[in-house]
Amino acid sequence: MRKRFWVLTAALAGSGCGGPFPQSALHPHSDFARASDVLFTDIFWWAAAVFVVVEALLVVALIRFRHREGRPAPTPTHGHTLMEIAWTLAPAVILVFVAVPTVRTIFATAGGAPADAVKVQVIGHQWWWEFKYPDLALTTANEMHVPVGKPVRVAITSADVIHSFWVPPLGGKRDAIPGQTNYIAFQADSEGDYSGQCAEFCGASHANMRLRVVVESDSEFGRWATVQLAGPAAPTPRTAAERGKAVFARSACIGCHTIQGVSPGVIGPNLTHVGGRTTIASGLFPNDSAHLARWIADAPSLKPGALMTRMQPPLTDADIAALVAYLQSLK
Ligand code: HEC
Ligand SMILES: [Cu+2]
């Protein structure tokens with residue numbers, strides 16, 4: 001019985017260290033994330049050493065001075081100058097070894113970047129992320145693209161309440177504060193699709209405020225930017241997508257969403273190329289017909305508190321299907 005308990009405990013503890021864990025800060029993929037990881041490991045080993053020394057002394061004291069029949073109580077030590085100096089100095093020295101790398105990392109990750117860094121402006125919204133590339137005059141949402149091996153400078157702010165931008169494998173977390181801009185800079189060292197998360201409680205769907213960062217080759221990034229900069233594809237005449245465009249243009253959608261050349265809304269994500277995204281609703285759902293249809297019909301039922309309210313009067317199933325076809329055509 002006891003043996004089985006230990007095997008089970010070891011298995012549970014061991015399994016905590018495996019798995020893919022897409023939002024783990026222990027798998028760094030940029031200079032920023034590596035700097036935090038190195039600092040974390042450094043402080044972890046100092047803490048481990050302190051733990052071992054303190055626990056060892058405790059165990060020695062427990063065993064050596066245990067009460068035994070007929071033995072008088074040990075005499076307590078008072079005013080031992082050497083010991084007092086030792087246990088004051090040792091922690092002070094350890095704290096210096098912790099403080100110096102900490103302060104160095106704080107400055108190293110303060111957001112400084114060369115002038116030719118790719119610039120991205122991140123704006124937190126309840127409960128989605130807007131990404132603007134000022135040098136490219138490009139706006140998108142929820143999925144940020146950056147080239148691999150190039151410095152990226154991220155300027156972070158918020159349109160409503162305080163959020164926090166955090167992509168554990170790449171960098172952050174850094175608060176997104178309305179009326180203020182905070183910066184981080186990083187250089188991703190491997191291509192991939194990294195997930196992030198708002199890290200400052202911001203209301204009902206805080207936990208559903210995710211994001212993705214696609215790190216790709218320079219040429220793929222260039223291709224992506226070119227597609228984003230082009231206007232939306234015109235739907236083929238007499239298809240569901242064309243009917244969907246008409247439904248979009250006569251519905252409340254236009255008050256909240258921008259589709260370049262179609263509508264100017266700025267309450268929700270820019271939908272000009274929404275069909276090219278892999279997810280919707282800030283990384284919550286795959287961008288497929290079923291989820292799009294349910295989202296358009298009743299977004300708050302999929303994402304509590306979503307500021308995309310239920311359409312009134314409700315859209316017909318045919319209208320929703322047409323809208324889905326239209327949005328999917330916007331690659
Ligand atoms: C009251 C403003 C409002 C109206 C009206 C509105 N939306 Fe939205 N929409 C939003 C907001 C805000 C979000 C982001 C919600 C979130 O993720 O929390 C959103 C998200 C979306 C998304 C997901 C985009 C992404 O990148 O994740 C799609 C698709 C969408 N809306 C389509 C539509 C369509 C189609 C209509 C019209 C039938 C519509 N919306 C009407 C505010 C609105
Ligand atoms: Cu949040």
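This is a predicted model: local features need pLDDT of at least 70, side-chain atom pairs count only at pLDDT 80 or more; totals for chains, interfaces and linings use all residues.
Reader: Let's start with the iron atom of ligand 1. Which protein donors does it have?

Author: Look for N, O and S atoms within 2.8 Å of the metal. Here the protein supplies His257 through NE2 and Met308 through SD, at 1.9 to 2.2 Å from the iron atom.

Reader: And where do His257 and Met308 sit along the chain?

Author: His257 is in the loop between α6 (253-256) and β11 (258-259), while Met308 is in the loop between α8 (299-302) and α9 (317-329). They're 51 residues apart in sequence, so the pair ties those parts together.

Reader: What makes the arrangement around that iron octahedral?

Author: For six donors, you want opposite ones over 155 degrees apart and all others between 65 and 115. The iron atom of ligand 1 has 6 donor atoms with angles of 87 to 177°, which makes it octahedral.

Reader: Is His257 buried or exposed, and what about Met308?

Author: Under 20% relative accessible area is buried, and over 50% is exposed. His257, at 10%, is buried, whereas Met308, at 22%, is partly exposed.

Reader: Now the copper ion, ligand 2. Which residues coordinate it?

Author: Cys198 and Cys202 each use SG, Glu200 uses its O atom, and His206 uses ND1, at 2.0 to 2.6 Å. Along the chain, the spacing reads C-x1-E-x1-C-x3-H.

Reader: What geometry do the copper's 4 donor atoms give?

Author: Four donors are tetrahedral if all angles lie between 85 and 135 degrees. The copper ion's angles are 86 to 128°, and its site is tetrahedral.

Technical notes. Residues are numbered from 1 along each chain as its sequence is written. Chains are lettered from A and ligands numbered from 1 in the order in which they are written. Side-chain values use heavy atoms; hydrogens and water are left out. Donors are N, O and S atoms within 2.8 Å of the metal (3.2 Å for Na, K and Ca); water is not among the atoms, so sites may look incomplete. Helices (H or I, at least four residues) and strands (E, at least two) are DSSP runs, numbered from the N terminus. Buried means under 20% relative accessible area, exposed over 50%, partly exposed in between (1.4 Å probe, protein chains only).
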